[in-house]
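Visitor: Hi, could you walk me through this one? I'd like to start with the backbone and then talk helices.
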Amino acid sequence: MEQQEKHTPNQEYCFAIARPGKGTRVFRLKKQAALALCVAVLVLLGGFAKFAYVAYCAKQEQQELLTYRAQYARQEEKLQALLAENEKIQKSLAQVASLEAEVRRTLAQDGESVSRGNIDRKSRESDLRGQGGPGKFGLQNLDVVAMQQKNLAERIAFKNENLGNMLEQLEQKSSVPNLWPTDSGELTSRYGYRSDPFGYGTVYHDGIDISGSYGAPVYAAAAGDVEEACWNGGYGRYIKISHGNGYETAYAHLSSIDVHVGRQVKKGEIIGYLGNSGYSTGPHLHFEVLVYGRTTDPLKLLNY
Ligand SMILES: [Zn+2]
């Protein structure tokens, strides 16, 4: 198709369309009609361009929507995994809470309080925080996960502190003498047969010897009642403590005694001072552990 345009003096435009084998067809249009035709063509072209652009945008948006849906599905999957993980932690924490309650009962049987710093109360309260419903407040899963994790972190912190306190109290109450009785760690003689320090053959050593500075503090290896606190022949200045459950400890060759008979002592309390009194070659602590009246190797019990 061929299109021609001519400008005529009477303000008319001629359009000739050559049709192969059928001659030429001429259209005459006045100036205004020609302008209207041009505008119509431009409007048509503009509309087509706009339609093409909208179609392109729609395609893009559809692609983005698909990508977003895939991302959303992955995020949702991760959220569900987090919620499931939180549930597992809740179950483990329930077991810890059950053990905590058992320790609490054990302490309470002996009239011990576990409410130091209100941590025990806070720990118990943290077990009762469970609330929820159909989500009428519009909480999204992410908010639920965040809140659960915050509560879990707080509960774990409370239980950690509370169980630490209770363990310390149980340890304090324990009749097993396992606290190293002086600052020095210099073990100079073990429990059992040994050569007599003064050269009188082989003798049985009923305890252990820890050498140390003269006047260094000597500590009660467990809580208990002072049974003896006096000079005791070759033992020199001597203290014996009864801890219950058949356990007793003895501390010999002291330079001075800081307790009297009948006194209740706490674990780790200073009861006297290291010395060289009695049958001793130099400043040291002779330490004995007795179980139902018979000596035993203190190193089996001490944290050495
Ligand atoms: Zn000794």
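Visitor: Where does Tyr292 lie?
Guide: Tyr292 is in the loop between β14 (284-291) and β15 (294-296); strands here are DSSP E runs of at least two residues, and helices are H or I runs of at least four, numbered from the N terminus. This is a predicted model: local features need pLDDT of at least 70, side-chain atom pairs count only at pLDDT 80 or more, and totals for chains, interfaces and linings use all residues. Residues are numbered from 1 along each chain as its sequence is written.

Visitor: And what's its phi, Tyr292's?
Guide: Phi of Tyr292 is near 50°, a positive value in a residue other than glycine. Most residues other than glycine have a negative phi.

Visitor: Is Tyr292 buried or exposed?
Guide: Tyr292 is exposed, with 9 other C-beta atoms within 10 Å. The cut-offs are 20 or more such atoms for buried, 12 or fewer for exposed, and partly exposed in between, with C-beta atoms placed from the backbone.

Visitor: What about His253, which element is that in?
Guide: His253 sits in strand β11 (residues 247-257). His253 also has a positive phi, about 65°, although it is not a glycine. His253 is buried, with 25 other C-beta atoms within 10 Å.

Visitor: On to helices. Which residues of α2 are buried?
Guide: In α2 (residues 119-126), they are Ile119, Asp120 and Ser123. They cover an arc of only 100° around the axis, so they are on the same side of α2; the arc is that of the directions from the helix axis to the C-beta atoms.

Visitor: What do they pack against?
Guide: The buried residues of α2 pack against α1 (31-109) and α3 (141-173). Contact means C-beta atoms, placed from the backbone, within 7 Å.

Visitor: How do α2 and α3 cross?
Guide: Their axes come within 9 Å and cross at roughly 140°. Axes are lines fitted to C-alpha atoms, for helices over the stretch in contact, with angles from 0 to 180 degrees between N-to-C directions. α2 and α3 are therefore oblique to each other; under 35 degrees counts as roughly parallel, over 145 as roughly antiparallel, 65 to 115 as roughly perpendicular and the rest as oblique.

Visitor: Which residues meet there?
Guide: From α2, Ile119, Asp120, Lys122, Ser123 and Ser126 meet residues of α3 including Glu154, Arg155 and Phe158.

Visitor: And how do α1 and α3 sit?
Guide: The axes of α1 and α3 come within 10 Å and cross at roughly 25°. That makes α1 roughly parallel to α3.

How values were computed: Two residues are in contact if their C-beta atoms, placed from the backbone, lie within 7 Å.
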